[in-house]
Amino acid sequence: LNRLCKTSSTSLPEFDLHHSMASMAALIKYLGLLSDNSNFSSFNLKTFDLHQYMRLDNAAARALNVEVCPGEDTTMSITGVLNKCHTHQGQRLLSQWIKQPLMDAKRIEERLDIVETFYND
């Protein structure tokens, strides 16, 4: 892990998260990241804060018509109405943003600025 990270991983607080480190080791082995020297010192390690997102359960998502249900018209859901994406990756990101909305106003404005930049270009 020290070879892959830009900073020493032993000094990071994430190193104390034992389950996370075991998962990271399995992922590194599965992807074969250590077999390619170009991967060395090219990664950062940080904790992903789930508390910045609102989590909608399945009942709330269905009640709000968040996703397109199989066999239904795509304009009958929020995702269907807003989806003007040209790539599958964009569609997945939009779906994630709708299903897990941000709760911090500053982060929401940053996201809107990004979308506006792509829309104007």
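Begin by selecting R111, which is placed in helix α5. The model is predicted, and each stop below concerns that model.

**Stop 1**

Is R111 buried or exposed, and what is the nearest side chain of opposite charge? R111 is buried and yet has no salt bridge. The nearest side chain of opposite charge belongs to E110, 8.4 Å away; a salt bridge would require a side-chain nitrogen within 4 Å of a carboxyl oxygen. Keep W97 displayed for the next stop.

**Stop 2: the largest pocket**

Rolling a probe the size of a water molecule over the atoms shows where empty space is left. The largest pocket has a volume of about 720 Å³. Its lining consists of 19 residues, and C85, G90, L94, W97 and V115 are those that lie nearest the centre. Colour α3 (78–82), α4 (88–99) and α5 (105–120), the elements that each give two or more residues to this lining. Which element supplies the largest share of the lining of the largest pocket? The largest share, seven residues, comes from α5, the helix in which R111 is also placed. Colouring the lining of the largest pocket by class will show 14 nonpolar, three polar and two charged residues.

**Stop 3: the second largest pocket**

Now select R55, L56, D57, N58, A61, R62, E67, V68, C69 and K99, which line the second largest pocket. The volume of this pocket is about 190 Å³. Helix α2 (residues 58–63) gives the largest share of its lining, three residues. By class, the lining of the second largest pocket comprises four nonpolar, one polar and five charged residues.

**Stop 4**

Most residues other than glycine have a negative phi. Where is S41 found? Centre the view on the loop between α1 (18–31) and α2, where S41 lies. S41 is not a glycine, yet its phi is positive, at about 55 degrees.

Finish by moving to the loop between α2 and α3, in which N65 is found. N65 likewise has a positive phi, of about 50 degrees, although it is not a glycine. With a relative accessibility of 40%, N65 therefore counts as partly exposed.

Methods:
Residues numbered from 1 in each chain as written. Predicted model: local features only at pLDDT ≥ 70, side-chain atom pairs only at ≥ 80, totals over all residues. Heavy atoms only, no water. 1 Å grid on protein atoms, 1.4 Å probe; cavity = no way out; pocket = protein on both sides within 12 Å on 5 of 7 lines; lining within 4 Å. Points joined across faces, edges and corners; volume = space filled by probe spheres on them. Helix = DSSP H or I, 4+ residues; strand = E, 2+ residues; numbered from the N terminus. Nonpolar A, V, L, I, M, F, W, Y, C, P; charged D, E, K, R; others polar. Buried < 20%, exposed > 50% of the residue type's maximum accessible area, 1.4 Å probe, protein only. Lys, Arg positive; Asp, Glu negative; His and termini not counted.
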